Amino acid sequence: MRPRTFIAIVLVLVVVAAAIVGFLFFRNLNNTPPVETITEDGIVITVAPGAVAGQPATLPTATAEYELVPVVVASIDLDVGTKLTADYLDVERRPSNNVAIRANYTFTDTSKLIGRIVGTNVSEGQEILESMLAFSSNDITAMGSDLAIQLEEGRVAVAFPIDEDNGVAYSMRPGDLVDIIMTLELRDLDPVFQSGLPNKIAQVNQNALLEGRSFLFPETPGGRLEVIPGLDLIGLVVPQEGSEPLPRRVSQLTVQQVEVVWMGTWIDPRKQEEEIEEDINAIAVTAQAIRNSDNPDQPVPTLEPTKQRPEDAPDLVILSLSSQDALVLKWAYEVGIQVDLVLRAQGDDQFFNGIVSVSLPQAVQQGGLTIPNPGPIGLFTRFEDVVLPTRLASPPLNVNP
């Protein structure tokens, strides 16, 4: 073979090999997926492969495919029937091309979910969808009492009797917050008998005791020995016959931020739905009878809307309390302590500190009242069962009662 022919063949092979390498390189470059980066604004940017900083890329760049949007998710694992609170919810940013987000099934504001009930188990970090929420407690099966669903974890429901005076004139509604005020009546007790003082005292005739005769003098209420003014003699001072010592009353704000769950006797919503269905069927039968009657133009009865509180003067209120506060309320009811409920402003969840109990001395001091000194003798007359005190500047007149 001639040298020139050999060199020509070699050159042809080199050119063919270079063409093959170039073809494979560019084909591999075209098959490399673009690189995605996320900007601070949550926009996804597609960057061409092989792009070098400071040099133009070989593929189109800065193509926005989707953005990250806020979505409400579960901050912990939620069981079916859980009543949602702010502690159970969180907001995270998720891609806008999510199917649930595009269908508008998700939420962006946690406040719209507080108080709602989940009708299915929800995992931590999972988006809260509209389909996961129960419309009411009736939508949840095999969950036990409907009332229990209304309670937060760690709270118990207590039914407490009320009337117009201690029940804020029946103005409370489910969801309201109330405080509990208790008024106690304090009395002095004998430490042994646990009975009210003063005790009755029967003095002993020592001579009669020694002679074996009846040795007890007539009983007298327990009193005290005092020097009688003007006589310089010691006398026994006892209460008036039949009088009881006045109790020392004190009022105290005892329990705060108590949620009203229900007013009146609890009504099973399922039973209420059955009654509504029966009313609807009865109205349908009546309407058909009217249409078939001789007077088809007479009015057809309509179904009245269901009231949230069917009783106008309920005798019970169901409160949501901690177990400790429930014991306090139970004890107060059993011993007959006066209990009053006071209604809070809507949305007021502050805890009042430094509230002191109120008694007569404290009320007098706080109100700046001055107790008058004993004055001249007063004349009291009776007129239509009303006692009218009259102060006399001169000696009192003799007036028959």
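**View A. R94 and E127 meet in a salt bridge.** In this predicted model, the closest N and O atoms of R94 and E127 sit 2.8 Å apart. R94 comes from strand 4 (residues 89-95), while E127 is in the loop between strand 5 (117-118) and strand 6 (133-134), so the contact ties together parts that are 33 residues apart in sequence. Both partners are buried. This is one of ten salt bridges counted here.

**View B. E211 pairs up with R213.** Here too we have a salt bridge, with 2.8 Å between the closest N and O atoms. How accessible are the two partners? E211 counts as exposed, at 56% relative accessibility, and R213 as partly exposed, at 46%.

**View C. D348 and R344 join through their side chains.** The N to O distance in this salt bridge is 3.7 Å. D348 is buried, with a relative accessible area of 19%; the cut-off for buried is under 20%. R344 is buried as well, at 9% relative accessibility. Elsewhere, salt bridges with shared partners link E92, R94 and E127 into one network.

**View D. A search of the whole structure turns up one aromatic pair.** Which parts of the chain does the pair tie together? F160 lies in strand 7 (residues 156-161) and Y333 in helix 6 (residues 323-335), so the pair bridges parts that are 173 residues apart in sequence. F160 is buried, with a relative accessible area of 6%, whereas Y333 is partly exposed at 49% relative accessibility.

Key
Residues numbered from 1 in each chain as written. Predicted model: local features only at pLDDT ≥ 70, side-chain atom pairs only at ≥ 80, totals over all residues. Heavy atoms only, no water. Phe/Tyr/Trp six-rings, centres within 6.5 Å; stacked < 30°, edge-to-face > 60°. Helix = DSSP H or I, 4+ residues; strand = E, 2+ residues; numbered from the N terminus. Buried < 20%, exposed > 50% of the residue type's maximum accessible area, 1.4 Å probe, protein only. Salt bridge = Lys/Arg side-chain N within 4 Å of Asp/Glu carboxyl O.
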